[in-house]
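Here is a short tour for anyone who likes to check geometry by eye. Please open the model and follow along.

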Amino acid sequence: MKKEIFIISLLFLLALTFGCIGESQPANETKLEVEEGVGIVGKLKFDELHPGLEGYISLDVRSNLEGEGASNVIIAIDNVKPFAIVECGGEREPNEPRTCTGQLDLDKDMPVRMHATRKLIPGEEINVFWRLKAPGKDEISDIALKHPIYYSTSYDYKVKFRQNIVFMSQSEMIKRKQAGEDYMISGESGNTAGELRFSGSTQQPIIYFFDNQPGGPAEGDFSFATQYFVENKGKGFPISDVVVILEYPKSGINVDESAPEGTPNYKVYGWYKWDEFDEICNTGDNQLGEQEIPCKDWIKSNLGDEEYAKLEENADHILIKKINRTDFVNSFSIYAPFVMTGQERTFLRDYNIPVKMYSFEVYAFYRYFTIGKDYITVYPIRGI
């Protein structure tokens, strides 16, 4: 009896020390990096398969909570053969169109190796799966078959970059230097999550000067340029043209329209005003073939009617440009020429405002593609 009590007490102490027997520990949650708009959470998951039998493979796909959401999302598997996809009541070839509804809202009529949805909102996560039938034992002989499966995502995405740029009069800069004060001040900036990362490389503060004394003749325009460094920090690459929209302040700042060589400066840098822009965009998706549509239609399909209408309301303060996908490199700089208007300079001079901050916002639209690889193994059934 004493021996039994001792054993029970010992088990009780072990349970207190190591936790309840059989209790599973929570797995570490996979978090998307800021350089991901849409990402695969974890890895490709699959059942153990045997010759001629069926099992499932699946992927968890998540839209970044800190991003803008994705549109026209396609999740696909490739290099499927010698496996068959079982769907819509039978075995299908990987590129055979889906005749049934499918899992997601755009699945119908897509190749059965693909799943597609119109929209993923920030933070949304979906699970997609395929039912596969393994090749028979006569096809793989009596050894295990280790087969690579490729999985990919492609989606339309938007990133936003906001920067406050500080302007300082020359007299204020001189005064601060003479007083031993720091005059190298910059405004704050902020990026949404996404693969194309913008950073402001405009030298700040922008120093301007006055030609006349307060109360004197009006000042003229003051020319300057904003500069941004763009880098593809994601795990894939854009497969479309990239459209960049630059929204500048509604007062005090204007586009540099001077044309010393006959072409307005802003056009020399590849920009258009909103009403001038009628470019065609290649929104190509190497899953389904290339598409070419008016860039504004593509932007509207990504933004929706309400947000697109807001963009058009600000058309008088927008520059827009297209970067051809064939010209896209992993990192580059873009420049935009502006002027501080003479009216603004005169106002700052007469009201003795030595430092002022202006906000500029950049939007970039693109379609992005990522790919991964895993292996699925078919184990022979021994003794059959």
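Which residue of β20 does Val 255 stand opposite? Val 255 faces Phe 338 in that strand. Before going further, a word on the ground rules: this is a predicted model, where local features need pLDDT of at least 70, side-chain atom pairs count only at pLDDT 80 or more, and totals for chains, interfaces and linings use all residues. Residues are numbered from 1 along each chain as its sequence is written, and side-chain values use heavy atoms, with hydrogens and water left out.

**The sheet**

Helices (H or I, at least four residues) and strands (E, at least two) are DSSP runs, numbered from the N terminus. β15 and strand β20 (residues 331–340) are antiparallel partners over 3 bridges; two strands pair if DSSP finds at least two bridges between them. Both belong to an open sheet of 4 strands, in the order β10-β12-β20-β15, with antiparallel pairing. At its edges lie β10 (196–200) and β15 (253–255), each of which pairs on one side only. From one strand to the next, the twist averages 40 degrees (axes are lines fitted to C-alpha atoms, for helices over the stretch in contact, and angles run from 0 to 180 degrees between N-to-C directions).

**Salt bridges**

Side chains of opposite charge can pair when their charged atoms come close. A salt bridge here is a side-chain nitrogen of Lys or Arg within 4 Å of a carboxyl oxygen of Asp or Glu. The whole structure holds 22 salt bridges, including these:

| Pair | Closest N and O atoms |
|---|---|
| Glu 87 and Arg 98 | 2.4 Å |
| Lys 322 and Glu 279 | 3.8 Å |

In the salt bridge between Glu 87 and Arg 98, the two residues are 11 apart in the chain, with Glu 87 in strand β4 (residues 84–87) and Arg 98 in the loop between β5 (90–92) and β6 (114–120). Glu 87 and Arg 98 are both buried; buried means under 20% relative accessible area, exposed over 50%, and partly exposed in between (1.4 Å probe, protein chains only).

Lys 322 and Glu 279 also form a salt bridge. Lys 322 is in strand β19 (residues 318–323) and Glu 279 in the loop between β16 and β17, so this pair ties together parts that are 43 residues apart in sequence. Lys 322 is partly exposed at 21% relative accessibility, and Glu 279 is partly exposed at 24%.

Glu 344 is buried, with a relative accessible area of 10%, whereas Lys 356 is partly exposed at 27%. Elsewhere, salt bridges that share partners join Asp 211, Glu 219, Arg 345, Arg 349 and Asp 350 into one network.

**Two loop residues**

Is Thr 283 buried or exposed? Thr 283 counts as buried because its relative accessibility is 6%. This residue sits in the loop between β17 (280–282) and β18 (292–294). Setting aside neighbours within four places in sequence, Thr 283 contacts Ser 240, Gln 291, Ile 293, Trp 298 and Arg 367, where contact means heavy atoms within 4.5 Å.

Tyr 269 lies in the loop between α4 (265–268) and β16 (272–273), and is partly exposed with a relative accessible area of 37%.
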